[in-house]
Amino acid sequence: QMAAQIKHSQLDGSLLFLANSYTFLKDLRRAVPMLERLLAHRGEQVNRARQAAATATEAASRKKTKLKLLKAQASQVKALMLMGWLRLREEQFDRALAINSQAIDLYKEVGRPDLALGAYQQRAIIADKKGDYEQALSNARLALKTAQASLERSRKKDGARLKVVASALEVARLERTRFSRFTPATQAARLALEQLDLLPTTAQKATAGQRLAALIEECRIQGARGNYGRAVMQARQARQLAREAGIKGEDTALLEEVNNLFFLGALGQSLQAAAQGISLAGKDGLRRLQFLNARGSALAALGRTDQALEALEEALGIARALGQEGEVAVSHNNIGNALRLGGRLAQAKEHFKAALIIDERRGDRQGVAVDRANLGLAELLLGRTKAARLELTSAASLSKKIGAPMGELKALVGLARLELTGAKPAAALKRARRGLELSGQRGLQNWR
């Protein structure tokens with residue numbers, strides 16, 4: 001009603017104010033209609049400007065109308081981007097992608113696709129949330145290419161470099177987490193660090209957060225490849241940077257250190273670092289549960305099952321209270337592993353099944369693959385070979401389909417053991433050779 005009573009010339013600002021206000025209040029039910037009206041209003045402005053530009057005859061008039069059209073298009077792009085974020089928050093992924101396409105098309109219409117960096121970044125995020133990882137990576141790479149082209153032309157190199165850094169780190173993250181392609185992930189992370197090194201000394205302190213993010217990404221890549229010692233060193237370097245620069249992120253680096261110490265087999269050091277992390281987490285529930293999971297896993301590996309379960313069940317309770325379903329699934333898997341190591345196989349199986357139910361509901365296919373592999377190993381230890389083969393074969397097939405080598409390798413280990421249980425050494429050898437081939441292709445030294 002308020003917007004309807006305001007003069008037409010003020011309608012744009014009023015609609016934008018209302019859309020932003022409702023968004024700030026997290027009232028999407030009201031924010032979206034306001035933004036839809038704004039888009040319609042700005043669309044009308046663009047159409048009028050197009051008509052004026054098409055009918056202008058004199059040179060001065062053509063220049064003036066063209067400038068007016070560009071301004072109208074720029075305003076429409078901003079509204080489209082905002083609507084894209086709102087649709088993403090509503091988890092209406094296809095509608096968000098359709099809105100985003102309109103923004104990119106406007107950039108192309110004015111002959112400046114090189115300015116579409118933010119739109120490509122948005123599309124990558126939406127596609128990633130939707131689970132369309134190929135499209136996510138494709139647009140992340142488009143964003144990086146756009147940022148690099150802008151850097152070459154830009155006179156303000158520092159700001160342009162930081163855009164390259166952000167785009168490169170997103171490419172690295174997607175290559176690592178969605179495709180387990182660690183060579184291109186490493187190349188992208190190092191590109192980010194190289195660009196940061198080119199910044200003047202005076203800018204180093206102001207960009208410590210970006211350097212920290214790049215160091216942690218490279219640490220995660222090394223950990224995923226099984227280079228745990230190197231990952232620990234990089235995590236410690238990141239922690240030192242965070243402390244010296246006085247910025248947030250030390251807890252993130254410490255968590256990486258804890259996890260990689262665990263996989264390195266330095267269980268005592270991992271436990272000690274996890275205790276530091278629990279203290280550092282303070283009232284941050286999410287971070288506390290992550291360190292509790294790490295502590296519980298180390299205790300379980302040391303054979304201290306009861307202490308492990310105490311930490312892991314506390315983590316599970318926090319995850320449930322926070323509504324973090326992904327972390328709930330992780331906690332169930334960790335409890336299952338602790339119970340399996342403690343010989344309580346029937347209970348372990350129930351926790352693996354609980355994790356599987358959650359990940360299937362969430363549509364987390366990588367999680368499902370790992371869950372089925374865990375469940376298959378539990379079934380094998382229980383002597384239920386038929387059920388074990390069903391779960392392990394399903395895990396291997398799904399992992400191969402989605403390009404998740406960790407799940408496939410875990411399933412192959414289980415299937416090889418299953419074949420040996422059935423006195424089929426040739427079949428077991430075939431599974432083992434496939435595992436060696438896959439780990440070699442992906443540079444996963446820990447699995448070899």
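These are my notebook entries on a predicted model of one chain.

**Entry 1. Overall make-up**

I started with the whole chain. I counted 22 helices and 0 strands. The C-alpha atoms fill a box of roughly 90 × 50 × 45 Å along the principal axes. I then looked up burial: of the 448 residues, 49% count as buried. For contacts with a separation of 6 or more, I noted that residues 24 or more positions apart account for 58%.

Is Glu91 buried or exposed? I found a relative accessible area of 60% for Glu91, so it is exposed, the cut-off being over 50%.

**Entry 2. Helix α5**

I followed the chain into α5, which covers residues 93–109. This helix has 17 residues. From first C-alpha to last it reaches 24 Å, close to the 24 Å expected at 1.5 Å a residue. I listed its buried residues: Phe93, Ala96, Leu97, Ile99, Asn100, Ala103, Ile104, Leu106 and Tyr107. I kept one general point beside that list: an α-helix has 3.6 residues a turn, so residues three or four places apart point the same way. Among the buried residues of α5 are Phe93, Ala96, Asn100, Ala103 and Tyr107. Just after the helix, Gly111 takes a positive phi of about 75°.

**Entry 3. α8 and its partners**

I looked at α8 (residues 157–179) against two other helices, α7 and α6. For such a pair, the description is the angle between the axes and the distance between the axes.

I took α7 (residues 133–153) to begin with. Its axis comes within 9 Å of the α8 axis, and the two cross at roughly 160°. Angles over 145 degrees count as roughly antiparallel, so α7 is roughly antiparallel to α8. The crossing is left-handed. Sorted by class, this contact has 14 nonpolar, 2 polar and 9 charged residues.

Then I took α6 (residues 117–130). It packs with α8 at an angle of about 20°, and the axes are 12 Å apart. Angles under 35 degrees count as roughly parallel, so α6 is roughly parallel to α8. This crossing, too, is left-handed. On the α6 side I listed Leu117, Gln121 and Asp128. On the α8 side I listed Lys163, Ser167, Arg173, Leu174 and Arg178. By class, the contact of α6 with α8 has 2 nonpolar, 2 polar and 4 charged residues.

**Entry 4. Glu250**

I looked up Glu250, which is found in helix α13 (residues 250–264). Is Glu250 buried or exposed? Its relative accessibility is 19%; buried means under 20%, so Glu250 counts as buried. Which residues does it touch? Not counting residues up to four places away in sequence, Glu250 touches Arg239, Ala242, Arg243 and Leu280. I also checked Glu250 against Glu134. The two are 116 residues apart in sequence. Their C-alpha atoms are 32 Å apart in space.

**Entry 5. Ser297**

I moved to Ser297, in helix α15 (residues 285–301). At 17% relative accessibility, Ser297 counts as buried. I left aside its neighbours within four places in sequence. Ser297 is then in contact with Phe262, Leu312 and Asn334.

I finished with α21 (405–421). At 1.5 Å a residue, its 17 residues should span 24 Å. The end C-alpha atoms are 24 Å apart, which agrees. I listed the buried residues of α21: Pro405, Gly407, Glu408, Leu409, Ala411, Leu412, Gly414, Leu415, Ala416, Leu418 and Glu419. Where do they pack? They pack against α19 (365–381), α20 (385–402) and α22.

Just after α21 comes Ala423, with a positive phi of about 60°. Ala423 is a residue other than glycine. It lies in the loop between α21 and α22 (425–442). I looked up its accessibility as I had for Glu91. Ala423 has a relative accessible area of 63%, so it is exposed.

How values were computed:
Residues numbered from 1 in each chain as written. Predicted model: local features only at pLDDT ≥ 70, side-chain atom pairs only at ≥ 80, totals over all residues. Heavy atoms only, no water. Helix = DSSP H or I, 4+ residues; strand = E, 2+ residues; numbered from the N terminus. Expected span 1.5 Å × (residues − 1). Buried < 20%, exposed > 50% of the residue type's maximum accessible area, 1.4 Å probe, protein only. Axes fitted to C-alpha atoms, helices over the stretch in contact; angles between N-to-C directions. Parallel < 35°, antiparallel > 145°, perpendicular 65-115°, else oblique. Left-handed = near helix turned anticlockwise from the far one by under 90°. Nonpolar A, V, L, I, M, F, W, Y, C, P; charged D, E, K, R; others polar. Contact = heavy atoms within 4.5 Å.
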